[in-house]
Amino acid sequence: MTTSVGNPGSTTAEYKRSPSHFTDRITADGADGWPVEAGRYRLVVSRACPWASRALVVRRLLGLEDAISLAVADPLQDERSWRFTLDPDGRDPVLGIAFLGEAYAAREPGYDGGVSVPAIVDVPSGVLVTNDYPRITLDLATEWTALHRDGAPDLYPEPLRDEIDEVMEDVYRNLNNGVYLAGFAKSERAYERAYRNLFACWDRLSERLAGRRYLVGDTITEADVRLFTTLVRFDAVYHNHFKCNRNKLTEDPVLWAYARDLFQTPGFGDTVDFDHIKRHYYQVHTDINPTQIVPLGPDLSGWLTPHHREELGGRPFGDGTPPGPPPAAEEIPAPGRAGTGGA
């Protein structure tokens, strides 16, 4: 039986997300003491977590697999934090630790705050560098350029940054975090406010994307990455588990086609593990789902059906090229195959 880690912020009617505690940056000039360096750092993720999934997508799109190694935590963490029970002997083979919290403690002895993913750890010292999830992906896109693959897309183009930031703020406040505000609400009023804000944002996005392939400009940007990681979890988790049930993603023709377009784009769907996603939410949040029963549905095969979004134009990678296939060790079963939990 999984030990519940409870509901963060559950003592208040409205869920409050804690800010990132460790915000050092890994930059080309090493201004924070952490210079970009191939092989020096390890990215720790859970494939269940939408915030960590952003880093997985960006790492793939930019071809940074050889530059920053990957540690995947068990989707069922416990009160001791994210754990490496998927690895032999229950320890990360590179960092040598059983729990991500050990890297946090190495950075700040006695630290007793939240242990979150994504996190980047300095391999030589075993010290946590950052858990600042909004900044991690932007820095991978803008500070790690010397290590990008040939043909890597520009995910945060300078001329469009103001518009990208504006869209991302709306998406974060009302959708990325909005599903949690609804799901972890402890009063009817807090839940209904989050629900209404979420679907007002949903409708704005559906209208915006009705005549354009991507959120900003004619290529994939960071804004699309951040929206995708919530949409891909919506029907499997948020619609039922978090009571975000005005409609399913599959019932919105625009957003469903948009999400399938991205899912079928190299670098997106090949990072998604529906089995990890469903087991984490339904088995860890025991205050919401005390039975820990994981639903068999929904049918995931629709993710691979034609979307026809290419008719809107757009160039997914701009002047660049798609990433190659993921490393064999990082491959994930496709929807509808064993391991996805699909019906």
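I began with Asp78 and Arg80: their side chains are joined by a polar contact of 2.8 Å. I note here that the model is predicted.

**Asp78.** Where does Asp78 sit? I found Asp78 in the loop between β2 (69-72) and α2 (101-107). I then looked up the cover: is Asp78 buried or exposed? Its relative accessibility is 6%, so Asp78 counts as buried. The cut-off I applied for buried is under 20% relative accessible area.

**Ala106.** I moved on to helix α2, where Ala106 lies. Ala106 has a relative accessible area of 38%, so I logged Ala106 as partly exposed. Which residues does Ala106 touch, not counting residues up to four places away in sequence? I wrote down Gly126 and Val127. Val127 belongs to β4 (127-130). I also took a distance to Leu205. Ala106 and Leu205 are 99 residues apart in sequence. C-alpha to C-alpha, I read 42 Å between Ala106 and Leu205.

**Helix α3.** Next I checked residues 133-142, which form α3. How many of the ten residues of α3 are buried? I got seven, so by the under 20% cut-off the helix is mostly covered. I listed the buried ones: Tyr133, Ile136, Thr137, Leu138, Asp139, Leu140 and Ala141.

What do the buried residues of α3 pack against? On the helix side I recorded α1 (50-62), α4 (161-176) and α7 (222-241). On the strand side I recorded β3 (119-122) and β4 (127-130).

Methods
Residues are numbered from 1 along each chain as its sequence is written. This is a predicted model: local features need pLDDT of at least 70, side-chain atom pairs count only at pLDDT 80 or more; totals for chains, interfaces and linings use all residues. Side-chain values use heavy atoms; hydrogens and water are left out. Buried means under 20% relative accessible area, exposed over 50%, partly exposed in between (1.4 Å probe, protein chains only). Helices (H or I, at least four residues) and strands (E, at least two) are DSSP runs, numbered from the N terminus. Contact means heavy atoms within 4.5 Å. A polar contact is a pair of N or O atoms within 3.5 Å; within protein, one must be able to donate a hydrogen and the other to accept it, and residues adjacent in sequence count only if both atoms are side-chain atoms.
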